[in-house]
Number of protein chains: 2
Amino acid sequence: MTSSDPLVARLRSALGDKAVLDDPDVLDTHRNDHATFCTAGVPRVLVRPSSTAEVVEVVKAAGAFGVPVVPQGARTGLSGAANAIDGCLLLSTSRMTEILEVSVEDQVAVVQPGVVNASLSRAVLEKGLFYPPDPSSWEMSTVGGNIATNAGGLCCVKYGVTSDFVRGLEVVLASGEVVRTGRRSAKGVAGYDLTRLIVGSEGTLGVVTEATLALRPAPEAALTAAATFLSIEDGIAAAAAVMASGLRPSLLEFLDGPTARAIQDYRDMGLPADVGSLLIAQSDRGPRAAEDVALIAAICSEHGAVEVAEASDAEESRMLLEARRLVNPAIEPLGVTLVDDVAVPRSKLVALLRGIAEIGTKYDVLILCPGHVGDGNMHPTVVFDRDDPAAEARALEAFGAVMELGLALGGTITGEHGIGKLKRHWLAQELGPVGLRLQREIKAVFDPDNLLNPDKLFL
Amino acid sequence: MTSSDPLVARLRSALGDKAVLDDPDVLDTHRNDHATFCTAGVPRVLVRPSSTAEVVEVVKAAGAFGVPVVPQGARTGLSGAANAIDGCLLLSTSRMTEILEVSVEDQVAVVQPGVVNASLSRAVLEKGLFYPPDPSSWEMSTVGGNIATNAGGLCCVKYGVTSDFVRGLEVVLASGEVVRTGRRSAKGVAGYDLTRLIVGSEGTLGVVTEATLALRPAPEAALTAAATFLSIEDGIAAAAAVMASGLRPSLLEFLDGPTARAIQDYRDMGLPADVGSLLIAQSDRGPRAAEDVALIAAICSEHGAVEVAEASDAEESRMLLEARRLVNPAIEPLGVTLVDDVAVPRSKLVALLRGIAEIGTKYDVLILCPGHVGDGNMHPTVVFDRDDPAAEARALEAFGAVMELGLALGGTITGEHGIGKLKRHWLAQELGPVGLRLQREIKAVFDPDNLLNPDKLFL
């Protein structure tokens with residue numbers, strides 16, 4: 001295939017025809033990630049390198065032509081960080097899918113960035129090991145994308161987020177130089193922690209081409225408990241009591257009443273119509289899980305639970321978790337959704353949820369509130385009718401008001417989804433002028449010509 | 001007190017006389033941390049601010065006079081990061097000792113940097129909480145110093161290092177500006193992780209004036225096991241098997257034969273003269289600790305342990321840990337020590353220890369090898385006679401050779417002690433030219449005039 005576009009021609013010559021796509025239909029399907037309300041430009045070319053050396057070629061070619069590079073994993077992100085820029089080069093890691101090593105002795109995995117989270121998780125489990133980060137997208141999202149966004153998930157409450165499992169990285173800089181950060185050993189403090197700086201940087205500092213990940217021994221069997229409450233306050237108080245009890249639940253999820261009702265409407269889970277909140281908790285301490293789950297159930301009862309269910313085996317556990325799994329499919333039919341991601345100190349959760357209810361009333365929109373309550377990380381979801389422009393405007397205002405509320409309560413505008421394009425305005429507010437200046441200057445150290453994902457993070 | 005030194009006069013006017021010391025004897029006792037073989041300059045003044053506002057005053061005054069600022073905690077560091085520079089201002093956090101808050105609900109503590117680690121640990125334990133970082137210096141070292149060096153300790157093998165417990169910081173920059181990084185909530189991904197960048201930066205990026213620290217529920221009761229082996233290889237193999245077993249020991253320490261013999265010479269612990277290595281492990285899983293310790297003992301026996309002891313209560317556990325506690329006092333009488341801190345992937349530990357023995361032979365020096373074997377972080381300790389200049393020269397060569405070996409084995413020159421002045425030469429080697437350049441440019445973002453600890457980290 002010859003192309004009249006000299007950048008495309010150069011890339012095809014370096015990487016071969018199959019790695020370089022400029023068909024407008026193909027480009028169009030790769031413009032967006034899963035964020036709603038984020039504009040996306042029209043890309044010039046989509047490139048799928050298969051090695052670090054090829055990524056270097058791609059970045060150098062883009063630099064030579066002054067074409068911005070937008071790195072993409074599986075585009076399951078929720079903040080538009082992978083959205084195209086007009087005339088950009090989309091650098092997809094979809095062909096860099098090799099698990100280079102799983103070491104039982106060192107409890108590490110070395111992977112290319114395009115490995116799907118679930119593939120890695122299953123591969124290490126076969127060797128008796130555990131890669132904990134489990135974003136909801138784990139069956140689709142890539143390790144590279146998880147690193148770019150510092151993805152969280154359900155089991156963070158016990159095990160931490162992606163950055164807690166990244167020991168070292170190989171990164172291609174905007175200059176085309178390759179740098180290795182971090183280490184393979186369990187500990188290391190040689191110089192500034194560039195690894196941690198790059199994790200969560202949303203493709204703005206470099207393109208991750210290899211990651212050395214820490215693994216843990218596989219967890220023991222898990223058991224689940226679920227409890228319904230008449231109010232939000234009771235459910236939050238029960239969650240706080242579980243966290244204060246000394247237990248370390250491996251999952252602690254909260255659904256507010258409207259979310260629980262949406263699920264019940266979607267599929268009969270036996271949830272009462274007057275449910276105020278629903279709490280789902282898990283312990284993965286094997287022989288002690290039953291005792292943990294009994295303690296969680298007792299705590300819920302003490303805090304006014306109207307119904308408490310304790311699983312006694314894996315199948316019952318799965319059934320109790322089903323409500324959590326149905327959140328997205330149950331919400332989808334209700335309308336267009338705008339998913340937020342505020343995180344607050346747990347002591348502020350009641351204030352957050354009350355405030356969100358007031359925001360919903362004020363802007364006359366439905367706001368559902370599921371979330372990772374053990375981490376104080378909620379996903380207030382504004383739902384509205386796409387065909388009603390006035391509702392859309394109110395929804396966007398409500399979305400902003402929720403972030404302002406999170407900040408006012410000492411929290412953050414994003415617990416795990418990132419800034420991308422969606423939250424750039426509020427990032428400045430969260431960081432303040434000095435913090436923002438430092439961040440911009442760090443960006444300039446790594447990428448002085450603003451080549452990598454230049455319209456993300458910062459306005 | 002009036003002073004002819006205008007900097008001293010300005011500081012006294014701003015902070016009061018007691019906070020500003022320029023007595024030569026006082027200054028002399030504050031020149032060094034605990035590193036051996038690190039030169040230290042003669043400071044111009046020692047300042048002890050008591051608040052963030054005062055730290056701002058101090059940094060601004062130093063900036064106005066172009067005087068380098070060396071931040072100091074308890075000066076228990078082992079790499080010379082707190083060593084004075086000729087004509088510098090020593091900024092001691094020794095009066096910033098307030099624990100501002102311990103929140104049971106949010107499981108966080110907010111502290112000033114001069115709080116001693118042990119004071120914090122005890123204060124949170126009173127509320128049923130746990131601050132895990134436990135460097136050997138914990139009874140003396142400050143939280144601010146632990147943050148500056150990203151200190152490790154014995155329980156890292158299960159709980160991680162200091163940076164794993166730092167959520168947010170307040171930092172005074174070289175400009176005198178105050179920036180808050182991070183968050184109080186459990187999760188947060190708003191922008192680049194400046195918190196993690198500052199942790200471990202050894203006072204070169206800013207002066208930490210407040211830290212928000214994550215806490216955990218207090219651990220359950222712990223039990224200890226200890227085993228002796230005829231060879232280094234058997235002890236390392238047993239340690240590897242413990243880590244691979246799925247257990248998460250809360251402590252896993254290794255002493256090589258020479259270290260064990262030094263301890264036995266210092267105090268009769270019943271260690272046999274032909275001991276090749278000694279392994280000490282702990283489980284803190286309360287009711288399951290006995291079962292864990294029995295499993296550890298069985299693993300040690302399978303790997304050729306000649307003697308295995310399992311504690312059945314806290315007092316026996318304490319006795320088994322005594323050998324580890326005696327490492328420093330037992331080594332001290334042997335001569336001058338040069339303590340290294342290499343960390344390697346666990347699979348390389350046997351190669352590391354064999355290589356160190358060869359280095360000891362080659363340079364004709366005694367090298368003892370205690371270490372945090374579960375993390376692959378060893379403290380090879382070169383011992384020599386101070387009155388023998390030839391031995392000193394050989395010891396320094398051996399010290400360097402150990403770091404080269406660690407790097408050659410895919411490890412790092414420092415697992416937890418940091419670079420300071422001691423290891424600047426090898427830092428360049430570990431990072432490579434691109435990584436080093438990025439680090440220097442990040443330093444310049446935070447501190448363009450090289451005011452803060454300018455002779456540390458980089459040559």
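A salt bridge is taken here as a side-chain nitrogen of Lys or Arg within 4 Å of a carboxyl oxygen of Asp or Glu.

**Entry 1: a network.** The model I am working from is predicted. I looked up which residues such bridges join into a network, and found A:Glu220, B:Arg285, B:Arg288, B:Glu291 and B:Asp292 linked in one. I then checked B:Glu220 and found its side chain in a salt bridge with that of A:Arg285, at 3.9 Å from N to O. Across the interface of chain B and chain A the rule gives 12 salt bridges.

**Entry 2: the interface.** I counted 74 residues of chain B in contact with 74 residues of chain A. The two chains bury about 6,000 Å² between them, and 58% of that is on carbon and sulfur atoms. On the chain B side, B:Lys187, B:Val189 and B:Tyr192 lose the most area to chain A; together they make up 16% of what that side buries. For polar contacts between chain B and chain A I recorded 30 residue pairs, both residues at pLDDT 80 or more. I also asked which elements of chain B supply at least two residues each to the side that touches chain A; among them are strand E9 (178-182), helix H8 (232-244) and helix H15 (424-446). The largest share, 13 residues, comes from H15(B). By type, I sorted the residues of this side into 32 nonpolar, 22 polar and 20 charged.

**Entry 3: bridges within chain A.** I took A:Arg12 and A:Asp22 next, whose side chains meet in a salt bridge at 3.1 Å, N to O. A:Arg12 lies in helix H1 (residues 6-15) and A:Asp22 in the loop between strand E1 (20-21) and helix H2 (24-29), so the pair ties together parts 10 residues apart in sequence. I read A:Arg12 as buried at 7% relative accessible area, and A:Asp22 as partly exposed at 27%.

The side chains of A:Arg288 and A:Glu291 also form a salt bridge, at 3.6 Å, N to O. Here A:Arg288 is buried, with 6% relative accessibility, while A:Glu291 is partly exposed, with 45%.

Last, I looked up A:Arg318 and A:Glu322, which meet in a salt bridge at 3.5 Å, N to O. Both sit in helix H11 (residues 314-325) of chain A; because they are four residues apart, about one helical turn separates them. In this pair I have A:Arg318 down as partly exposed, at 38% relative accessibility. A:Glu322 has a relative accessible area of 17% and is buried, since the cut-off for buried is under 20%.

How values were computed: Residues are numbered from 1 along each chain as its sequence is written. Chains are lettered from A and ligands numbered from 1 in the order in which they are written. This is a predicted model: local features need pLDDT of at least 70, side-chain atom pairs count only at pLDDT 80 or more; totals for chains, interfaces and linings use all residues. Side-chain values use heavy atoms; hydrogens and water are left out. Contact means heavy atoms within 4.5 Å. Buried area is the accessible area (1.4 Å probe) that two parts lose on being put together, summed over both. A polar contact is a pair of N or O atoms within 3.5 Å; within protein, one must be able to donate a hydrogen and the other to accept it, and residues adjacent in sequence count only if both atoms are side-chain atoms. Ala, Val, Leu, Ile, Met, Phe, Trp, Tyr, Cys and Pro count as nonpolar, Asp, Glu, Lys and Arg as charged, and the others, Gly among them, as polar. Buried means under 20% relative accessible area, exposed over 50%, partly exposed in between (1.4 Å probe, protein chains only).
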